[in-house]
Amino acid sequence: MKKEMKHAQVNTLEKVDLKYKNHPRTLLRAFATFYATFHSTKNKNMFEEICNFKTKTLKMKWRSNDNYDDCGVYLLKHMETYHGEKDIEWENGLQLNNVDQMKKLRVEYCGKIMSHKENKEHHSMQIKARKWAKEHPN
């Protein structure tokens with residue numbers, strides 16, 4: 001899907017429907033399938049209910065057609081900061097096309113993922129990081 005979206009660049013952000021086509025519905029259906037697979041005993045009607053959710057593409061002031069590499073960073077920042085508020089009230093600190101900000105966020109999220117206790121490799125990553133830090137004191 002990322003490849004399809006990469007080639008769907010449009011000149012204005014108002015044409016977002018042309019860019020994303022039916023991807024929100026596809027994602028809802030994938031989530032509904034996941035939910036039905038792992039929670040089928042709780043609510044048998046949930047699959048259809050999720051598939052029928054209404055979606056809205058928010059008009060985020062940091063939304064850009066110029067960055068195809070940081071979609072995961074944006075996703076993590078959105079998950080961290082969005083709590084259902086209106087798009088004009090949502091403040092997450094992201095700035096339009098700020099390369100330095102994206103670099104810092106990549107490092108931050110990478111560090112959190114690598115050192116999280118649920119990461120089975122976190123202990124070996126800590127050892128490697130300490131070794132690297134000793135070898136590169138500056």
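A residue counts as buried under 20% relative accessible area, as exposed over 50%, and as partly exposed in between. Keep that scale in mind for this predicted model.

Asn97 has a relative accessibility of 38%, so it counts as partly exposed. You'll find Asn97 in the loop between H5 and H6. Its phi is near 50°, a positive value in a residue other than glycine. For background, most residues other than glycine have a negative phi.

Now step back to the whole protein. What does the secondary structure come to? There are 7 helices and 0 strands, and reading along the sequence gives the pattern α-α-α-α-α-α-α. Here are some overall values:

| Item | Value |
|---|---|
| Buried share of the 138 residues | 24% |
| Accessible surface of the protein | about 11100 Å² |
| Part of that surface belonging to carbon and sulfur atoms | 57% |
| Share of contacts (separation of 6 or more) from residues 24 or more positions apart | 56% |

Which of its residues are buried? In H5 those are Val73, Tyr74, Lys77, His78 and Thr81. Looking down the axis of H5, these buried residues fall within an arc of 130°, so they line one face of the helix.

Thr81 sits in helix H5, and its relative accessibility is 16%, so it counts as buried. Leaving aside residues up to four places away in sequence, Thr81 touches Trp90 and Asn92. With Trp90 there is also a polar contact, made side chain to side chain at 3.2 Å.

Leu75, Leu76, Met79 and Ile113 make a nonpolar surface patch of about 390 Å². Where does the largest share of the patch come from? Helix H5, residues 71-81, supplies 3 residues, the largest share. Ile113, for its part, has its place in helix H6, which covers residues 99-115.

Notes. Residues are numbered from 1 along each chain as its sequence is written. This is a predicted model: local features need pLDDT of at least 70, side-chain atom pairs count only at pLDDT 80 or more; totals for chains, interfaces and linings use all residues. Side-chain values use heavy atoms; hydrogens and water are left out. Patches are made of residues with over 30% relative accessible area and no salt bridge: like charges are joined within 9 Å, nonpolar side chains (Val, Leu, Ile, Met, Phe, Trp, Tyr) within 5 Å. Accessible areas come from the Shrake-Rupley method with a 1.4 Å probe; for residues, only the protein chains shown count as cover. A salt bridge is a side-chain nitrogen of Lys or Arg within 4 Å of a carboxyl oxygen of Asp or Glu. Helices (H or I, at least four residues) and strands (E, at least two) are DSSP runs, numbered from the N terminus. Buried means under 20% relative accessible area, exposed over 50%, partly exposed in between (1.4 Å probe, protein chains only). Contact means heavy atoms within 4.5 Å. A polar contact is a pair of N or O atoms within 3.5 Å; within protein, one must be able to donate a hydrogen and the other to accept it, and residues adjacent in sequence count only if both atoms are side-chain atoms. The arc is that of the directions from the helix axis to the C-beta atoms.
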